Amino acid sequence: MDHGEWRGIVLVSGTGDGVGKTAVASAVAAAAQAAGLRVAVIKTGQTGTASGAPTDVDRITRLAAPRTCRTLASYPEQLAPLPAARFAGLAPLELYEVVDALRAESARHDLVLVEGVGGVLTPMGVRPSGEAWTMADLATTLGVPTLVVARAGMGALNHTALTLEALDRRGAPAKVVLGAWPAEPELVHWANLTELIPHLLGALPEGADRMDPGVFQRSAPGWLTPELYGVLDDWRVWAEESG
């Protein structure tokens with residue numbers, strides 16, 4: 001994909017939970033806005049709201065302050081969205097209502113980042129038939145690309161390969177961003193980086209989501225390649241600086 005193709009609707013999913021999807025969505029939003037794009041970030045389903053902790057939309061708003069930032073549905077329990085809806089007795093996310101909402105946002109913005117929950121096969125809601133749908137299904141229904149957020153350490157290669165294969169089998173294009181590059185990388189991190197570089201569009205430093213928002217916004221382009229409105233154009237130089 002070239003620079004211009006990462007416009008319209010772009011899904012942000014992951015190889016699992018806790019990989020840094022919210023930080024990556026925030027970084028791409030910040031870099032795109034710095035490039036002059038009108039950006040929306042939409043969280044499909046927020047779970048775990050009973051804890052009272054800041055939501056993903058709260059964190060994205062603090063870090064990147066996109067033009068639009070909202071959640072389509074919220075559920076109290078920290079579960080995948082579909083079982084969370086069922087457990088709470090709340091309406092699940094209906095696939096085509098989500099599609100319509102995202103297309104409406106796309107008509108008003110240059111870039112709509114859609115953050116999922118967990119991985120690409122996490123059950124998000126239901127189709128009109130009552131069958132579950134996933135972020136992979138949303139990618140194929142909309143015909144849009146996916147940014148897969150991955151860990152940098154042990155297990156990253158297998159989890160990333162499985163995720164990319166699941167999307168590729170559905171004809172859904174995807175690239176990878178590392179959600180948290182450690183301050184003191186070990187051999188496994190460098191080895192994984194070497195294997196993943198053909199798929200990579202960026203790498204965020206560990207703890208990026210705890211930065212001051214101004215620092216985060218100024219730094220974000222340096223973590224992303226030009227395809228994602230950043231300035232990272234040489235992984236060898238990046239590796240030397242990171243090492």
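1. The crossing of helices α1 and α2 is right-handed, a crossing being called right-handed if the near helix is turned clockwise from the far one by less than a right angle, and left-handed if anticlockwise. The contact (heavy atoms within 4.5 Å) is made by Thr22, Ser26, Ala29, Ala30 and Gln33 of α1 together with Asp56, Arg59, Ile60, Leu63 and Ala64 of α2. Helix α1 covers residues 21-34, and the two helices pack at an angle of about 35° with their axes 9 Å apart; axes are lines fitted to C-alpha atoms, for helices over the stretch in contact, and angles run from 0 to 180 degrees between N-to-C directions.

2. This is a predicted model, in which local features need pLDDT of at least 70 and side-chain atom pairs count only at pLDDT 80 or more, while totals for chains, interfaces and linings use all residues. Residues are numbered from 1 along each chain as its sequence is written, and side-chain values use heavy atoms, with hydrogens and water left out.

3. An open sheet of seven strands has the order β3-β2-β5-β1-β8-β9-β10, with parallel pairing; helices (H or I, at least four residues) and strands (E, at least two) are DSSP runs numbered from the N terminus, and two strands pair if DSSP finds at least two bridges between them. The edge strands are β3 and β10 (200-205), each of which pairs on one side only. Neighbouring strands of this sheet are turned by 20° against each other on average, direction ignored.

4. Within this sheet, nine of the nine residues of strand β2 (residues 39-47) are buried (under 20% relative accessible area, with a 1.4 Å probe and protein chains only), so β2 is largely enclosed by the rest of the structure. Strand β2 pairs in the parallel sense with β5 (residues 111-119) over five bridges, and with β3 (residues 68-75) over seven bridges. Ile42 stands opposite Val114 in β5 and opposite Arg70 in β3. From β2 the chain crosses through α2 (residues 56-64) to β3, and this β-α-β crossover is right-handed, meaning that, with the strands pointing away from the viewer, the path from the first strand over the helix to the second runs clockwise.

5. Helix α4 (residues 95-108) lies across β1 (8-14), β2, β3 and β5, and runs at about 170° to β3.

6. A further open sheet has three strands in the order β4-β6-β7, with mixed pairing. Strands β4 (93-94) and β7 (132-133) stand at its edges with a single partner strand each, so one side of each is left without a neighbour in the sheet. Strand β6 (residues 125-126) pairs with β7 in the antiparallel sense over two bridges, and Gly125 stands opposite Trp133 in β7.

Conventions
Buried < 20%, exposed > 50% of the residue type's maximum accessible area, 1.4 Å probe, protein only.
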